[in-house]
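Please read them with the structure open.

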Amino acid sequence: MEIDTLQGVQLGGITQWIRVRGADASNPVLLLMQQGPGLPIINDARRLEHLLGLEKAFTVVYWDQRGTGLSSPPLHTNLDRFEISVARMVDDTVTLLELLRDQFGGKTFVTGFSFGATFAAYAAVRPELVAALVATGMDIDMGAAEDIAYAFALDTARRRGNRRAIRQLEAIGPPPHTTVKQFTTRARWVYNFGGVATNANFNSMLRSLLVSLVRSPDYSTANIIRTLRGMRASQAALLPQLATTDLVRTMPRLDVPLVMAQGRLDQVAPGEAAQRFHDSLTAPSKQLMWFEESAHTPHLEEPAKFRDLLTNVRASQ
């Protein structure tokens with residue numbers, strides 16, 4: 001790597017952390033915005049390099065967003081005084097894009113995953129900062145998505161006779177699921193039944209997260225504790241705010257080129273909403289690319305195809 005640095009940047013009145021990695025400093029900048037709420041990404045930098053090799057074509061910026069990972073509240077902080085909100089996180093994104101423009105010059109390519117894609121789209125109101133947006137498993141219509149995810153989990157549990165899943169899912173009741181317990185219970189079973197990833201379940205995802213945190217040179221033991229604490233705090237703060245998300249209704253126009261990467265098997269951000277958003281949106285250019293063998297994480301399930309997508313996006317701008 002010609003560039004491989006961990007940087008603290010001031011965003012929204014607090015220090016947040018990015019790791020910048022690239023093989024050639026002249027390559028365009030690519031900002032990765034992690035899924036969540038509450039999941040970090042700096043810990044995953046080397047795994048993503050191994051899977052996708054994006055550092056060959058881009059200067060890649062891995063960002064632990066407000067409330068996540070290295071940007072989680074310090075252990076002594078009163079969480080009530082550490083603002084985690086959709087508006088604040090979108091403002092953070094715009095500020096970071098400004099900093100990246102000033103540091104590297106030119107516009108930034110942005111790839112967002114799940115709610116990271118939603119936040120990125122909100123931030124793209126500043127088209128002079130964004131070369132193109134790749135929205136992966138984008139959260140578009142939360143009301144419809146929650147209904148589909150819950151029905152998928154409960155129907156699958158009943159079909160398989162999984163009494164534990166049936167009991168837990170019936171206990172939380174139908175959506176909206178705006179508490180951490182409700183969200184985690186639904187996510188666990190959607191994950192275990194293949195609606196989040198075709199190559200992982202809920203426990204293997206947690207193991208992978210913990211192993212990556214422990215192995216990362218960037219996270220101390222205190223950082224890992226903060227990360228886990230921040231995940232819960234982020235979910236508690238953001239889930240009620242995100243419950244009314246409906247981009248088809250609220251975002252008729254996007255002033256940057258958009259490519260949507262959508263897993264055909266996604267039961268978290270379902271393809272029907274992606275198609276509706278794509279069809280209704282006015283944008284300089286737009287494309288909906290289907291990943292036929294993927295659920296909610298096509299960048300992990302079909303990495304070669306995802307890498308080719310990003311390479312083509314770079315070449316087209």
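Predicted model: local features only at pLDDT ≥ 70, side-chain atom pairs only at ≥ 80, totals over all residues.

1. Trp189 has a relative accessible area of 5%. Buried means under 20%, so Trp189 is buried. Phe193 falls in the buried class too, at 10% relative accessibility.

2. Their ring contact. A pair of aromatic rings is described by the distance of the centres and the angle of the planes. The structure holds 6 aromatic pairs. One of them joins Trp189 and Phe193. Their centres are 5.7 Å apart, with 35° between the planes. That pair is tilted.

3. A ring cluster. Phe113, Phe291 and Phe306 are linked into a cluster by ring pairs. Phe291 also has a charged neighbour: Lys305 lies over the face of the ring, at 4.7 Å from its centre.

4. Another charge over a ring. Which residue lies over the face of Trp290? It is Arg264, at 3.9 Å from the ring centre.

5. The largest pocket. Rolling a probe the size of a water molecule over the atoms shows where empty space is left. The largest pocket holds about 1,000 Å³ of space. Its lining counts 48 residues. Gln35, Leu39, Tyr191, Val196 and Met205 lie nearest the centre.

6. What lines the pocket. Helices that each supply at least two lining residues include H1 (45–52), H4 (142–160), H7 (202–215) and H8 (221–242). H6 gives the largest share of the lining, 9 residues. By type, the lining divides into 26 nonpolar, 15 polar and 7 charged residues.

Key. Residues numbered from 1 in each chain as written. Heavy atoms only, no water. Phe/Tyr/Trp six-rings, centres within 6.5 Å; stacked < 30°, edge-to-face > 60°. Buried < 20%, exposed > 50% of the residue type's maximum accessible area, 1.4 Å probe, protein only. Lys NZ or Arg CZ within 6 Å of the ring centre and 35° of its normal. 1 Å grid on protein atoms, 1.4 Å probe; cavity = no way out; pocket = protein on both sides within 12 Å on 5 of 7 lines; lining within 4 Å. Points joined across faces, edges and corners; volume = space filled by probe spheres on them. Helix = DSSP H or I, 4+ residues; strand = E, 2+ residues; numbered from the N terminus. Nonpolar A, V, L, I, M, F, W, Y, C, P; charged D, E, K, R; others polar.
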